[in-house]
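Thanks for coming. Please have the sequence and the model open.

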Amino acid sequence: MNEAHDFSLVALFLQADIVVKAVMLALAAASLAVWAILLDKTFRLRRLRRDMAAFDAAGRAGHGGALEAGLGRQVLQAGAALRFDPDEDRLTRKERLRETMRLALGDAMRPLETGLPFLATVGSSGPFIGLFGTVWGIMNSFTAIARSNNTSLAVVAPGIAEALLATAIGLAAAIPAVMAYNRFVVAGARLRGDGQAAIARLADALSEARRAPAMAGD
């Protein structure tokens with residue numbers, strides 16, 4: 001009687017070809033990195049949403065005095081540090097303020113965007129890398145079958161199962177990566193839009209405030 005083959009995940013990995021093992025390990029490492037990025041970006045997104053809500057409220061109120069920290073304060077400080085020519089007209093002053101604060105907004109949101117290219121790469125290439133491991137494993141299985149001249153399911157199944165495990169790991173890495181990438185790209189675009197709307201309101205108010213002392217001096 002033939003000994004039953006062990007089909008546990010650990011056994012399938014240990015019995016796989018060295019190339020298939022390398023593919024599995026690479027995909028497992030990529031999967032861990034995806035989850036690490038996902039958790040990090042989730043916490044960052046939560047904090048940015050709180051900061052953006054306060055910044056948007058300040059923009060609607062036309063001042064940023066209530067902002068003590070966070071994204072909004074960083075953007076306002078960039079605008080406050082801008083130096084103006086006394087002869088500048090209000091429109092030029094407002095456009096310069098808006099552009100300066102937009103650049104500061106981009107810098108403040110950059111931590112949310114780091115890691116997204118890696119998510120996109122894993123999401124697009126993970127299944128194909130896993131498929132490569134599967135094809136390689138199946139080729140080895142058929143080679144072994146040809147050598148043994150035995151085509152019974154008991155001989156074929158273990159090698160195919162080992163090969164298919166690579167595709168499963170590839171999908172396990174790619175699916176969360178694609179979902180996380182889409183989520184953070186959409187959330188980042190919405191936050192950036194909200195920030196630019198608040199900047200437009202604040203730039204209008206701040207340019208008028210900067211202009212008033214100059215007029216009074218005249």
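Searching the whole structure turns up 1 aromatic pair. Its members are F132 and W136, with ring centres 6.1 Å apart and planes at 45 degrees, so the pair is tilted. The cut-offs here are as follows: rings of Phe, Tyr and Trp, the last by its six-membered ring, pair if their centres lie within 6.5 Å, and planes under 30 degrees apart count as stacked, over 60 as edge-to-face and the rest as tilted.

Before going on, the conditions. This is a predicted model, in which local features need pLDDT of at least 70 and side-chain atom pairs count only at pLDDT 80 or more, while totals for chains, interfaces and linings use all residues. Residues are numbered from 1 along each chain as its sequence is written, and side-chain values use heavy atoms, with hydrogens and water left out.

F132 and W136 are 4 residues apart in helix α5, residues 116–148, which puts about one helical turn between them. Helices, for this talk, are DSSP runs of H or I with at least four residues, strands are runs of E with at least two, and both are numbered from the N terminus. An α-helix has 3.6 residues a turn, so residues three or four places apart point the same way.

Buried means under 20% relative accessible area, exposed means over 50%, and partly exposed is in between, with a 1.4 Å probe and protein chains only.

Helix α5 also holds L131. L131 is partly exposed, at 43% relative accessible area, and together with F128, V135 and M139 it makes a nonpolar surface patch of about 410 Å². Patch residues have over 30% relative accessible area and no salt bridge; like charges are joined within 9 Å, and nonpolar side chains (Val, Leu, Ile, Met, Phe, Trp, Tyr) within 5 Å. The areas come from the Shrake-Rupley method with a 1.4 Å probe, and for residues only the protein chains shown count as cover.

Next, charges. The structure holds 5 salt bridges, where a salt bridge is a side-chain nitrogen of Lys or Arg within 4 Å of a carboxyl oxygen of Asp or Glu.

One of them joins D107 and R110, at 2.6 Å from N to O. These two are 3 residues apart in helix α4, residues 90–113, again about one helical turn. D107 is partly exposed at 42%, and R110 is partly exposed at 44%. Elsewhere, salt bridges with shared partners join D40, K41 and R44 into one network.

Which residues does D40 pair with? Its side chain meets that of K41 in a salt bridge of 3.2 Å, N to O, and D40 forms another with R44, where the closest N and O atoms are 3.0 Å apart. D40 and R44 both lie in helix α2, 4 residues apart, or about one turn of the helix. As for accessibility, D40 is partly exposed at 31%, R44 is partly exposed at 27%, and K41 is buried at 4%.

Staying in helix α2, residues 18–61, we find S31. S31 is buried, with 15% relative accessible area. Leaving aside residues up to four places away in sequence, S31 touches A172 and A173; contact means heavy atoms within 4.5 Å.

A57 is in helix α2 as well and is partly exposed at 46%. Between A57 and A198 there are 141 residues in sequence, but 8.0 Å in space from C-alpha to C-alpha.

Then helix α3, residues 70–80, where L71, G72, V75, L76 and G79 are buried. Seen down the axis of α3, the buried residues fall within an arc of 125 degrees, so they line one face of the helix. The arc is taken over the directions from the helix axis to the C-beta atoms.

Last, the whole chain. The protein chain has 6 helices and 0 strands, and 35% of its 218 residues count as buried. Of the contacts between residues at least 6 apart in sequence, 80% join residues at least 24 apart. The accessible surface of the chain is about 12,400 Å², with 63% belonging to carbon and sulfur atoms.
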